[in-house]
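Here are a few notes to read alongside the model. Have the sequence and the structure open as you go through the points.

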Amino acid sequence: MGTRLSAPGPQLKRFAAYVDGLAIAAGHEDRRTPLTDYCKGLLLPGERKSIEPMAARLNPHNVQATRQSLHHLVAKAPWSDSTLLDHVRQKVLPAMQKQGPVVAWIVDDTGFPKKGRYSVGVSRQYCGQVGKQENCRVAVSLSVATWNASLPIAYRLYLPKDWAEDAERREKAEVPEEVEFQTKPEIALDQIRAAVAAQVTRGVVLADAAYGINTEFREGLTEMGLPYAVGVQSSMTVWEPGKQPLPAKPRGRMGRPPRLLQRTADHQPVSVKQLAMNLPSSTFKEVTWRAGTERKLRSRFAAVRVRPAHRDYWKAEPHAEEWLLIEWPGGEPEPNKYWISTLPPDTGLKALVKTAKHRWIIERDYEELKQELGLGHFEGRNWRGFHHHATLCIAAYGFLVAERNRFSPSARAGHLGFVTTESAPGFRPRGSPSPPRAS
């Protein structure tokens with residue numbers, strides 16, 4: 001019946017327009033239907049968001065044809081992930097900015113437990129999802145954040161060195177020839193350079209200690225004119241407030257004048273932990289930085305101006321002064337977190353804390369991307385499929401982010417009012433548990 005009740009509502013009309021734009025960005029008119037289906041499948045209710053279960057929910061009376069269509073879109077079709085993600089950013093970021101300015105660019109990596117020697121990127125490495133070394137894939141991402149929302153704008157698989165140098169596995173997984181081994185900080189810097197080139201509204205770069213401890217990563221950000229507030233390890237060495245390496249020592253009249261900075265036995269940098277432990281207790285102040293689920297989040301912090309000391313004996317000029325932010329919760333025997341930051345010297349303690357702690361917002365993104373949108377559910381082995389699936393998950397999530405910033409905070413995967421057809425009798429996707437036997 002073509003009644004008023006059966007007509008699509010405003011939200012579904014916005015979804016149709018949004019996916020039409022994605023289809024144009026994907027390059028071919030014949031990708032419009034499978035792309036719409038894939039995004040809709042990711043947003044429908046359902047525990048598993050791999051291809052066959054989505055096909056069964058989308059078209060239960062013709063599952064195989066739908067499955068083949070979705071599989072071709074993700075595993076075979078040569079559309080550009082970066083072009084599609086650029087389109088998502090251009091559509092979603094303005095909606096986010098209506099609620100507040102961009103304040104941060106957030107670097108992160110996320111792991112997915114996975115087995116299989118020929119599944120692209122799978123290696124025994126640290127997996128945050130399980131909190132230990134495990135066979136998994138790890139992807140590096142860059143997100144843009146306001147105070148209220150965030151959106152991944154770049155996403156790339158980390159290819160471990162043994163994978164990058166294995167010609168047989170590369171060929172089977174169809175890894176592009178131009179992809180070489182890069183460390184995670186190097187991947188992140190490439191993503192940030194691309195965002196700078198695309199003139200994305202800038203924010204303070206936030207990252208955990210795996211990135212912040214990398215001197216080349218921090219120097220790369222400074223070269224691009226980007227301020228940062230990044231985690232560092234307790235072993236990082238710095239010059240205490242007011243101190244710096246000694247100037248080059250004169251050697252007489254012959255030869256070139258010496259240029260390299262000096263240290264002596266009684267003039268050495270200290271670890272940030274040593275520095276923190278030696279600070280007067282009055283230096284630490286209690287700061288509340290945001291409201292949590294059950295209570296306001298607060299802890300004790302101190303911030304001092306220091307100079308990083310990493311290999312400065314190979315330099316002619318000392319590193320510039322930066323903020324060292326230290327968190328030492330009350331009742332704990334020692335500090336538990338450290339950050340280094342190039343925010344301006346007149347930045348207040350609360351502003352430093354609020355900025356450094358804002359990395360938490362992407363945890364919410366990844367929780368929803370993994371649990372509701374199936375980010376880790378791709379079952380294929382190849383490079384293209386892994387990235388295409390992630391790009392479409394981010395695209396579907398981008399629609400939800402835009403909706404929430406249009407005063408629809410209840411917009412969630414599985415709650416958009418999409419109409420689904422009842423499953424065909426007796427159909428069960430591969431991998432489903434066996435039904436219980438009749439008694």
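1. Start with Asp108, which touches Ala139, Val140, Ser141, Asp208, Tyr211, Arg359, Ile362 and Tyr366, leaving aside residues up to four places away in sequence. Touching, or contact, means heavy atoms within 4.5 Å. This is a predicted model, where local features need pLDDT of at least 70 and side-chain atom pairs count only at pLDDT 80 or more, while totals for chains, interfaces and linings use all residues. Residues are numbered from 1 along each chain as its sequence is written, and side-chain values use heavy atoms, with hydrogens and water left out.

2. Asp108 sits in strand β1, residues 104-113. Strands (E, at least two residues) and helices (H or I, at least four) are DSSP runs numbered from the N terminus. Is Asp108 buried or exposed? Asp108 counts as buried because its relative accessibility is 12%; the cut-offs are under 20% relative accessible area for buried and over 50% for exposed, with partly exposed in between (1.4 Å probe, protein chains only).

3. Now the cysteines. How many disulfides does the structure hold? Zero, taking a disulfide as a pair of cysteine sulfur atoms within 2.5 Å. Cys39 is in none, and the nearest cysteine sulfur to it, that of Cys393, is 8.8 Å away. Seen from Cys393, the closest cysteine sulfur is that of Cys39, and 8.8 Å is too far for a bond. Cys39 is buried at 1% relative accessibility, and Cys393 is buried too, at 0%.

4. Next, helix α10, which covers residues 215-223 and has Thr215, Phe217, Arg218, Gly220 and Leu221 buried. At its start, a side-chain oxygen of Asn214 comes to within 3.1 Å of the backbone nitrogen of Glu216. Just after α10, Gly225 has a positive phi of about 75 degrees.

5. Last, the whole chain. There are 14 helices and 12 strands, and 49% of the 439 residues count as buried. The C-alpha atoms fill a box of roughly 90 × 50 × 50 Å along the principal axes. Among contacts with a separation of 6 or more, 65% come from residues 24 or more positions apart.

Technical notes
A polar contact is a pair of N or O atoms within 3.5 Å; within protein, one must be able to donate a hydrogen and the other to accept it, and residues adjacent in sequence count only if both atoms are side-chain atoms.
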